[in-house]
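Visitor: I would like to learn how to read a model of this kind. Please take me through it one feature at a time.

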Amino acid sequence: FKLFLFLMAIPALYLAIALLLTFITTENRDVCTRDKLIYLSTNGVHADVIIPVRDLSPELQTDLEFDSSHNYIAFGWGDRNFYLNTPEWSDLTVNTALNAAFLKSETLMHVTHFRSVSKNWVSVSVCDAEQKEIMKYLNSSFKTKASSKVLIPHSGYSNRDYFYEANGSYNCFFTCNTWLNKGLKK
């Protein structure tokens with residue numbers, strides 16, 4: 001029973017620390033006109049940033065597969081094994097979760113296309129310079145081979161999403177949410 005309580009205390013402590021750390025903010029010292037919108041979405045565990053297609057930088061657009069009828073592209077970063085082997089929460093295994101949390105692992109960028117804004121997205125006003133910094137950060141997250149983004153063929157969950165090789169390593173101290181937070185702070 002004590003072992004069970006100890007094991008349950010670890011994720012509870014992790015969640016409590018994560019919650020407390022969300023109250024630490026950064027101060028933006030730049031004064032600019034925030035006339036552009038980006039969006040954030042979450043399923044309660046994973047977070048993505050969404051950029052209107054019309055605002056994508058040419059560098060970020062390069063090598064991306066997307067349908068021109070879609071107006072928004074979401075970018076997420078995460079553990080390769082988790083992304084490819086857990087399309088639904090019901091597919092999650094203890095082994096996949098533990099490996100993602102505690103072992104150094106390869107990562108992927110998940111790129112999803114949308115036609116319109118979802119009511120569940122949170123809009124964030126940014127100025128042109130801030131939006132460019134976010135796009136530079138997103139672009140730098142893609143692993144490249146011969147200067148091209150590396151698409152994982154036939155790996156998406158649907159006909160409107162794709163996976164690409166990514167830079168970095170996922171673990172319980174640097175998660176998809178940490179990755180996104182780092183990008184927003186830039």
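Visitor: Does Leu-5 count as buried, partly exposed or exposed, and at what relative accessibility?

Guide: Buried means under 20% relative accessible area, exposed over 50%, and partly exposed in between (1.4 Å probe, protein chains only). Leu-5 has 44% relative accessibility, so it counts as partly exposed. This is a predicted model, in which local features need pLDDT of at least 70 and side-chain atom pairs count only at pLDDT 80 or more, while totals for chains, interfaces and linings use all residues. Residues are numbered from 1 along each chain as its sequence is written, and side-chain values use heavy atoms, with hydrogens and water left out.

Visitor: Where is Leu-5 placed?

Guide: Helices (H or I, at least four residues) and strands (E, at least two) are DSSP runs, numbered from the N terminus. Leu-5 sits in helix α1, residues 2-21.

Visitor: Which residues of the largest nonpolar core touch the most other members?

Guide: A nonpolar core is a set of buried Ala, Val, Leu, Ile, Met, Phe, Trp, Tyr and Cys residues joined through side-chain atoms within 4.5 Å. Here the largest has 24 residues, and Ile-51, Phe-75, Met-109, Leu-138 and Phe-142 touch the most other members. Helix α5 gives the largest share, four residues.

Visitor: How many residues of β3 are buried?

Guide: Eight of the eight are buried, so β3 is largely enclosed by the rest of the structure.

Visitor: How many bridges join β3 to β4?

Guide: Two strands pair if DSSP finds at least two bridges between them. Eight bridges join β3 to β4, and the two run antiparallel. Strand β2 is also antiparallel to β3, with four bridges.
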